[in-house]
Amino acid sequence: MSVLTEISENLQQGKAKVVKELVQKAIDDGIDVKIILEEGLLHGMGIIGGKFKNNEVYVPDVLIAARAMNAGSELLKPLLASSGVKAKGTVVIGTVKGDLHDIGKNLVRMMMEGKGLEVIDVGIDVSVDKFISKVKETNAQIVACSALLTTTMGEMKNIVEGLKAAGMRDKVTIMIGGAPVTDQYCKSIGADIYTPDAASAADEAAKACLKA
Ligand code: B1M
């Protein structure tokens with residue numbers, strides 16, 4: 001079995017220590033860092049994402065796989081930076097104002113990172129102004145908003161309106177999600193993309209960054 005396949009398989013099993021050792025071995029063997037990232041780490045995370053979507057694995061499996069991915073990507077980060085490999089796009093993600101639920105949002109972040117995107121997590125209870133200023137500051141192509149309460153999902157409309165008022169609406173793709181959110185709601189507030197789960201959110205974000 002190649003070291004890249006071993007990285008992918010151990011990542012799927014959530015073996016952070018082994019993944020770290022294998023990534024170091026791959027680096028020492030002179031394998032290109034981009035190949036280690038794409039054919040080892042991102043490959044494994046992609047498989048976990050697909051299984052999560054199909055209910056073949058559950059939240060804890062994704063969390064431990066993501067921890068293994070982080071262990072491996074920590075070693076790659078400085079090498080990726082010096083070899084000029086850029087993230088495939090930038091996403092600002094957060095849970096909307098008044099809402100403290102972050103488990104789903106964190107999963108979306110991890111899956112997006114698993115697609116090679118740079119994800120800036122602004123946390124929970126995030127105001128419209130904070131979303132907008134972070135998008136401005138980072139030139140993000142995507143703003144991703146999570147809401148778990150029927151009482152807070154209305155904040156997503158305020159984010160759409162806030163971006164319009166700031167003259168930034170055409171420059172950024174607005175993605176929304178969370179248990180009470182629907183595609184119909186997404187259309188009604190003029191956001192761009194609704195996805196029901198973390199894996200599809202990551203797929204759609206990667207596609208949107210390719211188009212941007
Ligand atoms: Co709260 N809570 N909660 N809660 N909580 C819910 C959401 C609720 C449905 C429970 C219930 O009554 N049955 C209910 C909401 C009712 C409603 O509005 N319709 C509720 C309530 C009422 C409340 C409080 C008001 C309770 C109170 O204090 N009286 C309070 C509100 C606090 C606040 O936010 N201001 C509250 C508090 C809390 C805790 C702090 C205790 C805790 C949150 C801890 C944390 O997140 N760190 C909590 C929890 C854990 C839940 C439940 C049990 C689980 C939520 C969760 O993490 N699910 C939840 C009931 C439930 O959902 N069964 C409930 C797992 C997670 C992986 O799923 O977040 O849906 P989810 O994410 C999914 C998708 O939705 C999607 O991808 C994820 C994975 O595939 N997704 C996106 C999420 N964001 C996305 C963004 C995207 C795309 C997809 O694009 C950008």
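Here is a short chat about helix packing and one serine in a predicted model.

Student: What should I know about the model before reading it?

Tutor: It's predicted, so local features need pLDDT of at least 70 and side-chain atom pairs count only at pLDDT 80 or more, while totals for chains, interfaces and linings use all residues. Residues are numbered from 1 along each chain as its sequence is written, and side-chain values use heavy atoms, with hydrogens and water left out.

Student: At what angle do the axes of α3 and α5 cross?

Tutor: Axes are lines fitted to C-alpha atoms, for helices over the stretch in contact, with angles from 0 to 180 degrees between N-to-C directions. Helices are DSSP runs (H or I, at least four residues), numbered from the N terminus. Here, α3 (residues 33-53) and α5 (residues 103-113) cross at roughly 140°, their axes coming within 9 Å. That pair is therefore oblique (under 35 degrees is roughly parallel, over 145 roughly antiparallel, 65 to 115 roughly perpendicular, the rest oblique).

Student: Which residues in α3 and α5 meet?

Tutor: Contact means heavy atoms within 4.5 Å. From α3 you get Leu42, Met45, Ile48, Gly49 and Phe52; from α5, Leu107, Met110, Met111 and Glu113.

Student: How do the axes of α5 and α9 cross?

Tutor: At roughly 45°, coming within 8 Å, so α5 and α9 are oblique too. Leu107, Val108, Met111 and Met112 of α5 touch Ala198, Ala199, Ala201, Ala202 and Ala205 of α9.

Student: Is Ser200 buried or exposed?

Tutor: Buried means under 20% relative accessible area, exposed over 50%, partly exposed in between (1.4 Å probe, protein chains only). Ser200, in α9 (residues 198-211), is buried because its value is 12%. Leaving aside residues up to four places away in sequence, Ser200 touches Lys53 and Thr195.

How values were computed:
Helix = DSSP H or I, 4+ residues; strand = E, 2+ residues; numbered from the N terminus.
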